[in-house]
Amino acid sequence: MRPRPDVPVVGRSAPLAELAATWHDAVATGGRVMLVAGEAGMGKTTLVGAFADSLGDGADVVTGQCVAFAGEGMPYAAVVQVLREVIRLHGVDDVLGWAGVGGSSLGAVLPELGPDPGAADTQQLRLYEAITLVLEGAARRRPLLVVIEDLHWGDPATWHLLRFLSGAVTDAPLMILATYRDDELHRRHPLRPVLAELARQRRVGRLDLGPLDPDAVADLVTAIAGRSTARAVTAAIVRRGDGVPYLVAELARSAAEGVAMPGTLRDALLARVRGLSEGTQGVLRLASAAGTQFEHELLAEVADVPAAELDVALREAVDAVILVPDETGYRFRHALLHEVVHDELLPGEQARIHGRLADVVAERPELSGARGHDLVHHLFAAHRFEDAFAAALQRATDRATPHHEALALYTRALEVWDLVGEPAKVWGSHADILQGAAATAVWAGQPDRALTLIDAALHETGPGQDPEARARRLVIKAQALSALVRPGALEALEEAVALTSAERPTAVRAKTLEFHAAQLMLIGRYAEARDVADEAIAVATAIEAPAYRGSARTTRAIAVCALGDEERGLAEMQAARADSEVRPRTALRLWINWSDQLTLAGRFAEARDAALAGVEQARAKGLERSHGTMLLGNAAEPMLALGELAEASRLVARGLELSPPHNHLLQLRGLQAWIAVWEDRAAEAEEILVEFCPTIEGRTEQVQFEIALSMVDAWLRLLSPEPDPERAWRTTQRILRSPGRQSPARLWQTAYLSAAAWRARAGRTAAERDLLSAQTAAIPAALVAPTWRPLVAAELTDDATTWRAALDDPAVAAGPAQLRPLAAIRLAESLLRDGDRAAAAELLAEAAGSAGRMGFRVFVRRAEDVLDRAGLAGPRRRSSDPTELTAREREVLARLAEGRSNGEIAAELFISTKTASVHVSNILAKLQVSTRGEAAALAHTRPELLRRANRRQSSLSSVGRNGQS
């Protein structure tokens, strides 16, 4: 049962309505996250409580509160409370059943569910996945509202879990409501970037609570103090309360009880506490050290009073609405109350109480919020730095500890290094701890932090020290640089390899060589990658390390494929499967690369099926919503080649909802741009590609993303309503002039795009054609070469004979699905030049029909354009279907109807003027009008064309008003 708020809800009808609308969306279409921000005392908890009560019996509500100890958030404090409430509602068996294979990972936060046997590099993602599945399972049983209070006091692990949930939860009727104090977030507060990332998620909303207006304050005073309150007293409360509901309530209570109104909120709260007996005040001070929420048994263990006296004191605190009881303990009614009581502790008193709490938690960990968390916090708060140092490092190196939490523990240990007598005897050198923190930061997704830490460790690693220790640190540095896509990773690995002995096989040398080979492969040095992988395989075999061997064999297979022997490379990758299955991360790396190589080989159906099988493997390992995101992209890419655009689009959208890591994001956004090109949404594709200009321009070591995004960009420049073949030529030629770093399969498609760009350019020359022919002849053998070779020839010759040969070629027919309508349109253009209008019309109609059925609307438009130019199209009816316009096009049309220029539209919508021009061109084409004036007139006579845009503007205005209320 949820306690009803003791402060009435007044002046908050608009925020309550917005919460209700979000809940309706969550129940109707799947998970939603709402962030409620406001200063201390602004009524966030009261608002959330009233909203939860309004749901009545139509939902379950579970609540967790973030807890700050010694200036830092206690890891997973709120998550522990939420999970325990779900267990109370549904039982342990259901919870473990929903968690599936990841159920054991829940032991990392709930000790009673047992230890976690998972590997350190996957445990946190497995835990996030398990929690997601539990909440989804509970929500499908009964719609679920999850409340997380005081997010500003949370820990990085909880914040990243919330970020994960915001993308991971989809169709379950689940709403997550998180509150935080925006006045607590200083410029460098670590929650700020998390909130910024959450704000970009389409399922996340934000509600800002401002002060109450004077009328609402007066209503609140009347509700609390009674109608007999003198007008002067009400006026004084309105003046002194600043519209802060909690302060207004405390001032009104003081007035109702005949107490002189204090001047500050702190004084108002202390006045209520100091009105209690001395014994109760002492118990409250003791309780404040245990946290905002605590177990009765824990308090009984540390209190120096008999049980009967303790019960009397707690009863008085409950009657005074200072504490609120739950099933097994209590919580402070408001976080502000907890703050002011804890601040009353004298320094010596605080250290003494936290020391007693640490002793009890060490003996009885079941009384803590989660496994081992409270102990470390209490030891630090008690200034028992020797014990705190050892406990923090023990917890940080426990493989069940999530990476974000482990990094925070390493940081705390490093902070007290100088306060510990002989720290090196406790846990090794200072550089060892820096190394552990850096490695953890890599897996926690904080490569910048990892780089800072590992550079410090390397600085402390002198040339006379253990060379393998330095090698390990250089590998971590390379991992951080690679994750950041910065130069220097290869140089660090080369030094690391040199530090390990070629005569003595060790795990350090195996790992160093394996990662060195992978890095060489990523930057396109395939022959070297193959040779280094061979050495890594030999070392891993000698020390019986199948995981390192499996990863090195995968790298070798990729290199062999890129060097032109795809059949052999694919066979080698198949043979690497047994070794790779030893470790989840290595297994998933194999599935990712296997499905990608099948796509490059033109075996699209196999590639799709392999990637989807990999997604299932990721789900079985509890990693569907992490490593599985790249596999979703790997399934979507061959689907595009198979003409399955709708399903590919669904998979890409699903992957993007999951907040993928940076390299996965590059892949998925590139695919999203590709889909936009095929569906004739050039402006949307342009907006996406603008994000990745440095990558397209070759300013990256990750060559696989350079060529993939460059191909999308070239297709866009060739097929856009406002084509730019010069740019397509420059982009493709940059790739073809440095072909050694790229996969031959992608080079063949690039050669075709370059040929198409050459043919479309006004100033093309025979010398350029000869250059391109030579470049094409130099591309290594590839299984897809027979598909692209006739198309390159057709573009360079551009006559009906070569286009007919390309269209009829079985290899072209077996290639990507867009090639047949493309070749048919190009053949039709050649036939029109030859005067064969009937055959051209038949080809164009067939191309438009097949392209339309698959979703390649760009080729439907191109076929219709050729028909129009040739005078072969009959009169077309203007479509009355307003859904032809995208949401962005509606926004542009709304501003066009107001008489705005392209530059003004661009400035208002934060897009380039060229993008605005492309949008306008698309709008004119879709509405089948020839001028901006006609489009504006049509918008005024058919308001349904603007309805969605107007609704969006209204929604944004509403958010702005809430922020000012």
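**View 1. The largest cavity in this predicted model has a volume of about 120 Å³.** A cavity here is a set of points, on a 1 Å grid over the protein atoms alone, where a 1.4 Å probe fits but cannot get out; points are joined across faces, edges and corners, and the volume is the space filled by probe spheres set on them. Of its 13 lining residues, Val79, Val146, Ile148, Leu161 and Leu165 sit closest to the centre (lining means an atom within 4 Å of a point). In total, the structure holds seven cavities of 30 Å³ or more. This is a predicted model, where local features need pLDDT of at least 70 and side-chain atom pairs pLDDT 80 or more, while totals for chains, interfaces and linings use all residues. Numbering runs from 1 along each chain as its sequence is written, and side-chain values use heavy atoms, leaving out hydrogens and water.

**View 2. Helix H6 (156–168) gives the most to that lining, with four residues.** Helix H3 (77–90), helix H5 (123–141) and strand E5 (144–149) also give two or more residues each. Helices (H or I, at least four residues) and strands (E, at least two) are DSSP runs numbered from the N terminus.

**View 3. Helix H27 (546–562) packs on helix H30 (584–600) at about 15°, with the axes 10 Å apart.** Axes are lines fitted to C-alpha atoms over the stretch in contact, and angles run from 0 to 180 degrees between N-to-C directions. So H27 is roughly parallel to H30 (under 35 degrees).

**View 4. Where H27 meets H30.** Ala547, Gly550, Ser551, Thr554, Thr555, Ile558 and Cys561 in H27 contact Thr586, Arg589, Leu590, Asn593 and Gln597 in H30 (heavy atoms within 4.5 Å).

How values were computed:
On a 1 Å grid over the protein atoms alone, a cavity is a set of points where a 1.4 Å probe fits but cannot get out, and a pocket is an open set with protein on both sides within 12 Å along at least five of seven lines; lining residues have an atom within 4 Å of a point. Angles under 35 degrees count as roughly parallel, over 145 as roughly antiparallel, 65 to 115 as roughly perpendicular and the rest as oblique.
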